[in-house]
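Hi,

Here is the structure I said I would pass on. Have a look at it first, and then read my notes below.

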Amino acid sequence: MIPLTSPIAMVMRLPFGVPLWQLFLSGAILIGGFILTTWIAGRIYRVGILMYGKKVTYAELSRWMFYKG
């Protein structure tokens, strides 16, 4: 059910019989992970593009995710 490996692992498991709920849960986690990752990247990019040329630390990245401005 891990989002990065679920499409590959689920395709390999399909011939052996997979409960339908696991198939849908795997897809839902994959889609949710994609949306969350895109949202976080968008937040960081929006603020980070204004800080061109400055070295970035992990603390600043976490602040940029929740920046309201």
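**What I found**

Let's start with helix α2: its buried residues are Gln 22, Ser 26, Arg 43 and Val 47. Keep in mind as you read that this is a predicted model.

So what lies over those four? The cover on the buried residues of α2 includes α1, residues 6-13, and α3, residues 58-65. As for α2 itself, this helix runs over residues 20-48.

Gln 22 is part of helix α2, and it counts as buried because its relative accessibility is 15%, where the cut-off for buried is under 20%. Met 10 is 12 residues away from Gln 22 in sequence, yet their C-alpha atoms are 8.8 Å apart in space. Arg 13, for its part, belongs to helix α1. If you leave aside its neighbours within four places in sequence, Arg 13 touches Val 18 and Gln 22. Arg 13 is partly exposed, at 35% relative accessible area.

Leu 23, another residue of helix α2, is also partly exposed, with a relative accessible area of 32%. From Arg 13 to Leu 23 is 10 residues in sequence and 9.8 Å in space, C-alpha to C-alpha.

Leu 23 also turns up in something you can pick out on the surface. Together with Val 11, Leu 14, Leu 20 and Phe 24, Leu 23 makes a nonpolar patch there, and the five have about 490 Å² of accessible area together. Which helix gives the largest share of the nonpolar patch? That is α2, with three residues.

Next, go along α2 to Val 47. This residue lies in helix α2 too, and at 7% relative accessibility it counts as buried. Leaving aside neighbours within four places in sequence, the contacts of Val 47 are Trp 64 and Tyr 67. Val 47 and Tyr 67 are 20 residues apart in sequence, with 7.8 Å between their C-alpha atoms.

Trp 64 brings us to α3, where the buried residues are Glu 60, Trp 64 and Met 65. Looking down the axis of α3, you'll see these buried residues fall within an arc of 145 degrees, so they line one face of the helix.

What do the buried residues of α3 pack against? They pack against α2, and α3 is in turn among the elements that cover the buried residues of α2. On the face of α3 turned away from its buried side, you'll find the exposed residues Tyr 58 and Arg 63.

Cheers

Conventions: Residues numbered from 1 in each chain as written. Predicted model: local features only at pLDDT ≥ 70, side-chain atom pairs only at ≥ 80, totals over all residues. Heavy atoms only, no water. Patch = residues over 30% accessible without salt bridge, like charges linked within 9 Å, V, L, I, M, F, W, Y side chains within 5 Å. Areas by Shrake-Rupley, 256 points an atom, 1.4 Å probe, with all protein chains shown as cover. Salt bridge = Lys/Arg side-chain N within 4 Å of Asp/Glu carboxyl O. Helix = DSSP H or I, 4+ residues; strand = E, 2+ residues; numbered from the N terminus. Buried < 20%, exposed > 50% of the residue type's maximum accessible area, 1.4 Å probe, protein only. Contact = heavy atoms within 4.5 Å. Arc of directions from axis to C-beta.
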